[in-house]
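Have the structure open as you go.

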Amino acid sequence: PDSGSGYSWHHGGKCLTIFSASNYCGDCGNLGGVLILMRGETDQILEHWAPPLDELVFLEAEADRAQARLKQQAKNFFRQRAARRHARERMNAEIIRKVQELIVRRKADLFDYWADMDTSPRGVF
């Protein structure tokens with residue numbers, strides 16, 4: 001249609017032409033149209049634009065590159081999370097080892113300290 005829309009009314013609104021292909025033959029510049037009829041619902045005319053094939057190819061390649069970047073970012077995220085978890089586990093193990101070492105090294109001092117704290121004849125705090 002001259003208006004460039006995806007549909008056109010004729011004969012006083014009694015006849016509707018739907019142009020389903022947007023930019024027909026790649027050079028018309030019109031929108032495409034879709035008529036949706038559902039029982040009990042209001043009729044709808046929706047318009048759409050499909051870009052030229054070369055633009056679609058470019059957009060598809062761009063989407064593929066974006067998806068590849070997202071996959072790489074997800075891999076990096078999971079690697080970093082695993083590395084942090086491993087570092088945390090190593091740190092916890094090192095802390096436990098050092099505490100155990102200090103307890104063994106200071107066993108006599110700890111025994112004397114807790115014996116002084118124990119005022120109960122039963123040996124209970």
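Let's start with R106, which is partly exposed because its relative accessibility is 44%. R106 pairs up with D109 in a salt bridge, and the closest N and O atoms sit 3.0 Å apart. D109 is partly exposed too, at a relative accessible area of 42%. Keep in mind while reading that this is a predicted model.

Why would two such side chains get together? Side chains of opposite charge can pair when their charged atoms come close.

## The overall picture

Zooming out, the protein has two helices and four strands. Going from the N terminus, the order is β-β-β-β-α-α.

How does the radius of gyration of the protein stand against that of a compact globule? For 125 residues, a compact globule would come in near 14 Å, but this protein has 38 Å. Along the principal axes, the C-alpha atoms take up a box of roughly 110 × 40 × 20 Å.

Among contacts with a separation of 6 or more, 25% are between residues 24 or more positions apart. The protein exposes about 10900 Å², with carbon and sulfur atoms supplying 58% of that.

How many salt bridges does a search of the whole structure find? The search turns up five. Several residues are tied into a network of these bridges: E94, R97, K98, E101 and R105.

On one side, R97 meets E94 in a salt bridge, with 2.6 Å from N to O. These two are three residues apart in helix α1, so about one helical turn separates them. R97 also forms a salt bridge with E101, where the closest N and O atoms are 3.0 Å apart. E101 and R97 are four residues apart in helix α1, so again the spacing is about one helical turn.

Which residues make the nonpolar surface patch? The patch covers about 770 Å² and is made by M91, I95, V99, I103, L110, Y113, W114 and M117. The elements that contribute two or more residues to the nonpolar patch are α1 (53-105) and α2 (107-117).

W114 is one of the patch residues and is found in helix α2. With a relative accessibility of 44%, W114 counts as partly exposed.

## Back at the strands

For the strand part of the model, have a look at S8, which is found in strand β1 (residues 7-10). Is S8 buried or exposed? At 18% relative accessibility, S8 counts as buried, because the cut-off for that label is under 20%. The side chain of S8 also makes a polar contact of 3.5 Å with the side chain of H10.

Key
Residues numbered from 1 in each chain as written. Predicted model: local features only at pLDDT ≥ 70, side-chain atom pairs only at ≥ 80, totals over all residues. Heavy atoms only, no water. Patch = residues over 30% accessible without salt bridge, like charges linked within 9 Å, V, L, I, M, F, W, Y side chains within 5 Å. Areas by Shrake-Rupley, 256 points an atom, 1.4 Å probe, with all protein chains shown as cover. Salt bridge = Lys/Arg side-chain N within 4 Å of Asp/Glu carboxyl O. Buried < 20%, exposed > 50% of the residue type's maximum accessible area, 1.4 Å probe, protein only. Polar contact = N/O pair within 3.5 Å; in protein donor to acceptor, adjacent residues only side chain to side chain. Rg over C-alpha atoms; globule rule 2.2 N^0.38 Å. Contact = heavy atoms within 4.5 Å.
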